[in-house]
Amino acid sequence: MEFVKYEQRNRYGIITINREEALNALNSAVLDELNEILDNIDTNAVRCLIITGAGGKSFVAGADIKEMLELDKSGGEFFGKKGNDVFAKIENFALPVICAINGYALGGGCELALSCDFRICSEKAVFAQPEVGLGIIPGFGGTQRLMRAVGMGMAKQMIYSAGKIDAAEALRIGLVNAVYAPEELMPAAEKLADIISKNAPIAVQKSKIAINSGSQLPINKGTEIETRLFGECFETDDRRAAMGAFIERRKNVEFFNR
Ligand code: CAA
């Protein structure tokens, strides 16, 4: 792969957008490689993913403006669908995905972050949806996911103004869960991935499905889904082992994803 790297560490995987010369901007090739990497991840071998950007300056500085320059209406729609399809794959990926934002998260970069389960960032992170300043709207899910993350009013302010916000403001509005010194960001992301990957993987996956499905449904429908998934957990060996260990006062249960 030229623009996206994948590395497995312990029981988690790290995806790095690796196009530093363009501040990791997302062109079609980057999106295709990201899609292919996701398709090839062995979800039995890893239990959590981290997505980050290469270099110290940028997470992802948006969709590639040079590629978009010559697009017409159908080309724009095609490019938007390509991004939206990959980001939907991340949002619905079987494993939890942590976004570690190491710098600029602009336009498509902010949208990539929003498709992950949650976000942490470095003190140097800068967020914006600058699209309306370029004569377009957010096209990789920003008009839909930003409001779900930070509320309608703040999402509209960010999108209509195209203004940048810093890490402290992103924390204040709930766009990120935590802010770290730049050198502490990846260790913190890996520590979280390690903690998550030590919990019962089927239970973590079913939690993700329940939360994601419920976010689009009335609460009574969401709790129906929760009840079904809760019941399914009782069929797993991991559930039997963990409850047995609790009763017998044994610590550090190992889960086997079954
Ligand atoms: N697309 C293509 N190339 C980009 C890029 C982008 N989004 N962002 C940065 N680059 C390239 C620059 O063209 C430059 O390459 P060259 O040296 O070959 O010209 C290189 O990355 C370094 O960038 P700068 O020289 O501009 O670096 P800087 O430190 O002066 O500024 C920046 C950094 C503030 C992030 C600035 O690059 C910038 O504003 N980038 C564009 C951000 C943006 O508007 N993103 C939204 C895109 S639209 C979108 O994402 C639509 C969507 O919803 C799908």
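Which residues of α10 are buried? I started my notebook with that.

**Ground rules.** I noted that this is a predicted model, in which local features need pLDDT of at least 70 and side-chain atom pairs count only at pLDDT 80 or more, while totals for chains, interfaces and linings use all residues. Residues are numbered from 1 along each chain as its sequence is written, and side-chain values use heavy atoms, with hydrogens and water left out.

**Entry 1, helix α10.** I looked up α10 and found residues 219-233. Helices here are DSSP runs (H or I, at least four residues), numbered from the N terminus. The 15 residues of α10 reach 21 Å from the first C-alpha to the last, close to the 21 Å expected at 1.5 Å a residue. The expected span is 1.5 Å times one less than the number of residues.

I then listed the buried residues of α10: Gly222, Ile225, Leu229 and Cys233. Buried means under 20% relative accessible area, exposed over 50%, and partly exposed in between, with a 1.4 Å probe and protein chains only.

I checked α4 (residues 108-115) against α3 (residues 73-91). The two pack at an angle of about 30°, with their axes 8 Å apart. Axes are lines fitted to C-alpha atoms over the stretch in contact, and angles run from 0 to 180 degrees between N-to-C directions. α3 and α4 are therefore roughly parallel, a term for angles under 35 degrees.

Phe87, Ile90 and Glu91 of α3 make the contact with Gly108, Glu111, Leu112 and Ser115 of α4. Contact means heavy atoms within 4.5 Å. I also noted that eight of the eight residues of α4 are buried, so α4 is largely enclosed by the rest of the structure.

I looked at Asn252, which has a positive phi of about 55° although it is not a glycine. Asn257 has a positive phi as well, near 65°. Is Asn257 buried or exposed? Asn257 is buried, at 18% relative accessible area, whereas Asn252 is exposed, at 78%.

Technical notes:
Parallel < 35°, antiparallel > 145°, perpendicular 65-115°, else oblique.
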